[in-house]
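Biologist: Could you walk me through this one slowly? I would like to ask things as they come up.

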Amino acid sequence: MKRLDLHTLGPIVALIALVILGAMLNSSFLAPANITNVLARSAFIGMIAVGMTFVITAGGLDLSVGSMAAFLAGVAIIAMNAALPSLGANWGTIILGMIVAIIGGLSAGWLNGALITKARIEPFIVTLGTMGIFRSLVTWLADGGTLSLQSELRTLYRPVYYGGFGWITWPIITFAVVAIIGEWMMRHSRFGRHVEAIGSNERVARYSAIDVNRVKLMTYVLLGLLVGLAVVLYVPRLGSASGSTGVLWELEAIAAVIIGGTALKGGTGRVWGTVVGVLILSLIDNILNLADLVSPYLNGAIQGVIIVLAVVLQREKSTADER
Amino acid sequence: MKRRNLMKGAALIMTLGMTVGGAVAQEAEKKIIGVSIPSATHGFMGGLNWHAQDTIARLGKAYPNLEFVLATAGDAAKQVNDIEDMMATRNIDGLVVLPFESEPLTAPVKAVKDAGKFVTVVDRGLSEDGIEDLYVAGDNTAFGRVAGEYFKGNLAAGSKIVVLRGIPTTLDNERVEAFQKALEGSDVEILDMQHGNWNRDDAFTVMQDYLSKYPKIDAVWAADDDMAIGVLEAISAANRNDEMWVIGGAGMKEIVKRIMDGDKQLPVNVTYPPALISSAIEMTALNFVSKAPMTGRFIIGSQLITPENAEQFYYPDSPF
């Protein structure tokens, strides 16, 4: 039991160290407003990363999520703007937009999953392809510019990102709920166990009468659903989508999953670790902005070093365990 | 509306492609101008693409003896291929090019010039002097200076401002240096300068952190209208709308509209017009249809958009 703690402590130690560092560098770091900012902006990548944990644990990968988010945001905005004249500026129109985003996410995830499981193409290639497709589609829909939500709708929709119970805004609540359900699914549901079994040895999983293709497909559909959910919360923030929305989200999500202790080759998934990974990534950004530690040109380098360190810390402990 | 314009542009290119071969043979006077620009990957380039298509459609009608070939490229290598194709298959007489990057495009454009064609280079210079006949560009130094002078003239002594920078490039450095130089001698303090990468989401995040870090901010130089949108949203989420004003840049239509309407938070804007591609195409066309001299350097100044003159900078149909 004690060994297990050591093995999994890496990311948490890094997170605590970052929080202490932040608090020492700037007194406003622990102010509720800043905590809300950091948690709320983590929510998009966070929800996507929870879904990504399942995909990676089952031995897959999805590079298309950032482009998919941009595309879904564009489609949802177009749908709401189109429905405005007939439905009017009310919650009905906004709920329609939300449904479009969620159904779009489910379909996009299903498309990725079906190409991977039914057409038997490598996940890397399929999602590299759909990444380009979604990104081009949103640029095309926006005519190279930016799609903006009509201002009446925007005013109405805005509280979904900025509102909530005091400092705990809706994105934070949603992220927390997604994380708890995700953790439960991975640990205690049959689906979670099947995902881990497929990731550690697909052939054995098949012999154990697991419907491998169906479970794999479901991981991509689940990820698509969570991308859709992230979009539902992203659109009210700035009310717009363009070709530069969600750039590199896929890599941030994958990085968060790996920092959190999920193996890139599959087999072991740790949803709570992913949540810690996402928070680490957001905090690095936040601390670099709050403190004038280094030239802003070097921000990317600092992030890189911390990501690698967080993983090294944890890998050293796990190899020590195995010995 | 926007979509239809795009379709029109695409249809135009296709018909051009189909008619070029026959038309050249029939009419000796026919001149063909190639236009090669980066594809619409962000707001400013989207605007530039729209203006290019719009200008080509208009000039094609005005001057029946001119043909245009438009190609957009997502990277420098594709742009080199486009230009080589234009030379090999379209037999162009003139080339208007906005180089994706200076270095890789220098040799191919030089080859076009060496073949005796009229070459117009737009906005980003080539790495070798004296290749182009005509150079049309915006003025990055003036872009920073005009904004800096507005801050200097409209802020009380002891005021504090924050700056959002673009993607780290020489272009961004020129703007920021000119801005700082214009502020010299005033008592305005720049609290911080971080990169928002000309991106709404990044600018939103950086501004949120500025707001946590500094209890007193009197004004923000967002330096770009996409960044200004993110900045305004962050300020409004922190309920500090009345404390500071924001200056963007480049003249995005939504921002120009708000200046027209007299928004207190957005007093002015500084132009860096994507329509500079129109100037380049028009001048190249004039070279072929008139005797007016069209060689040299044409630098488009950055102007201050104020509520009084905003209307002349407002293009409601443009995507930017």
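Biologist: Which residues does A:Ala69 touch, leaving out those up to four places away in sequence?

Modeller: In this predicted model, A:Ala69 touches A:Val227, A:Ala230, A:Val231, A:Tyr234, A:Thr245, A:Gly246 and A:Trp249, when residues up to four places away in sequence are not counted.

Biologist: And how many residues does the largest nonpolar core have?

Modeller: The largest nonpolar core has 100 residues, and A:Ala69 is among those with the most contacts inside it, together with A:Ile48, A:Leu226, A:Ala230 and A:Val231. Helix 11 of chain A gives the most to this core, supplying 17 residues. There is also a second, separate core of 92 residues, which includes B:Ile92, B:Tyr150, B:Phe179 and B:Leu211.

Biologist: OK, switching topic: how many residues from chain A and from chain B does the contact take?

Modeller: The contact takes 26 residues from chain A and 31 residues from chain B. On the side of chain A that touches chain B, helix 2 (32–57), helix 11 (212–238), strand 4 (240–242) and helix 13 (271–290) of chain A each supply at least two residues. Sorted by class, that side of chain A has eight nonpolar, 14 polar and four charged residues.

Biologist: Now chain B. In what order do the four strands of the open sheet come?

Modeller: The order is 7-6-8-9 in chain B, and the pairing is parallel. Strand 7 (189–195) and strand 9 (245–247) of chain B are the edge strands, since each pairs on one side only. From one strand to the next, the twist averages 20 degrees.

Biologist: How many bridges join strand 6 and strand 7 of chain B?

Modeller: Strand 6 (residues 160–165) and strand 7 of chain B pair in the parallel sense over six bridges, and B:Val162 stands opposite B:Asp192, which is in strand 7 of chain B.

Biologist: Which helix of chain B lies across strand 6, strand 8 and strand 9?

Modeller: That is helix 8 (residues 225–237) of chain B, which runs at about 165 degrees to strand 9 of chain B.

Biologist: What about B:Met193, is that buried, partly exposed or exposed?

Modeller: B:Met193, found in strand 7 of chain B, is partly exposed, because 18 other C-beta atoms lie within 10 Å, while a buried residue needs 20 or more. Not counting residues up to four places away in sequence, B:Met193 touches B:Val163, B:Arg165 and B:Val176.

Biologist: And B:Asp317, buried or exposed?

Modeller: B:Asp317 is exposed, with 10 other C-beta atoms within 10 Å, and it lies in the segment after strand 12 (304–305) of chain B. B:Asp317 and B:Lys253 are 64 residues apart in sequence, yet their C-alpha atoms are 8.9 Å apart in space.

Biologist: How many of the 20 residues of helix 2 of chain B are buried?

Modeller: 14 of the 20 are buried, so helix 2 of chain B is also largely enclosed by the rest of the structure. At 1.5 Å a residue, helix 2 (residues 43–62) of chain B should span 28 Å, and its end C-alpha atoms are 29 Å apart, which agrees.

Technical notes. Residues are numbered from 1 along each chain as its sequence is written. Chains are lettered from A and ligands numbered from 1 in the order in which they are written. This is a predicted model: local features need pLDDT of at least 70, side-chain atom pairs count only at pLDDT 80 or more; totals for chains, interfaces and linings use all residues. A residue is buried if 20 or more other C-beta atoms lie within 10 Å of its own, exposed if 12 or fewer, and partly exposed in between; C-beta atoms are placed from the backbone. Two residues are in contact if their C-beta atoms, placed from the backbone, lie within 7 Å. Ala, Val, Leu, Ile, Met, Phe, Trp, Tyr, Cys and Pro count as nonpolar, Asp, Glu, Lys and Arg as charged, and the others, Gly among them, as polar. Two strands pair if DSSP finds at least two bridges between them. Axes are lines fitted to C-alpha atoms, for helices over the stretch in contact, and angles run from 0 to 180 degrees between N-to-C directions. The expected span of a helix is 1.5 Å times one less than its number of residues. A nonpolar core is a set of buried Ala, Val, Leu, Ile, Met, Phe, Trp, Tyr and Cys residues joined through C-beta atoms within 7 Å.
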